Amino acid sequence: MIAKRIFDLFFATLGLVLLSPLFALVAIWIKLDSPGPVFFRQVRVGRFGKPFKIYKFRTMYVDSERKGQLTVGEDPRITKAGKFLRKYKIDELPQLINVVKGEMSLVGPRPEVPRYVEHYPPHLRDLILSVPPGITDYASIMFKDENQILAKAQDPEKVYIEQILPIKLEYYKRYVTERSLFLDIKLILLTLKEIIMGKDKNHA
């Protein structure tokens, strides 16, 4: 969709320009809070299965990923600054860079790490990966507090793969089959509403 790419490019570029003072302040805070880089980059699976590196503000101590890729509850790997950045989804803002580069869209199925994409059923994998991944979508809104859900599980990895991921895949499928520019605008507004109001969503 050419209109979608123009929409993404315009608002992602505008966002980066307008948010540049915030980016600078966050960068300083991260550097003062703990040693390490400002950005966290991680390999995710993009459109047609092509891997790319996603940008986020670093919210954990360096090398935390060696202890697992899921964030569970009050994860001790999260820095003081990281707790605030995660709460208000500020850590996700650098993904606007991925949007400008054409690796992501403002709205679309969230890009997973390769190990979890391996659990996609073949028919859903092809469908979901037929569109660019996004910063937000239905699943992002409904699973806003995913780490708190996983905190209640004895085996978070198993719960994520067997219970949460299948539900997310249905949301991804729903987006791909319904997608339109109007839907993108609606989901962006719903995402902003959730962040501002801070209300918990029932994932069921």
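Analyst: Helix α2 (residues 20-33) and helix α3 (residues 80-87) have axes that come within 8 Å and cross at roughly 145°. Axes are lines fitted to C-alpha atoms, for helices over the stretch in contact, and angles run from 0 to 180 degrees between N-to-C directions. Helices are DSSP runs (H or I, at least four residues) and strands likewise (E, at least two), numbered from the N terminus. This is a predicted model in which local features need pLDDT of at least 70 and side-chain atom pairs count only at pLDDT 80 or more, while totals for chains, interfaces and linings use all residues. Residues are numbered from 1 along each chain as its sequence is written, and side-chain values use heavy atoms, with hydrogens and water left out.

On the α2 side, Val26, Trp29, Ile30 and Asp33 make the contact (heavy atoms within 4.5 Å); on the α3 side, Lys80, Ala81, Phe84 and Leu85 do. By class, six of these residues are nonpolar, none polar and two charged. Ala, Val, Leu, Ile, Met, Phe, Trp, Tyr, Cys and Pro count as nonpolar, Asp, Glu, Lys and Arg as charged, and the others, Gly among them, as polar.

Another pair is α1 and α10, which pack at about 30° with axes 10 Å apart.
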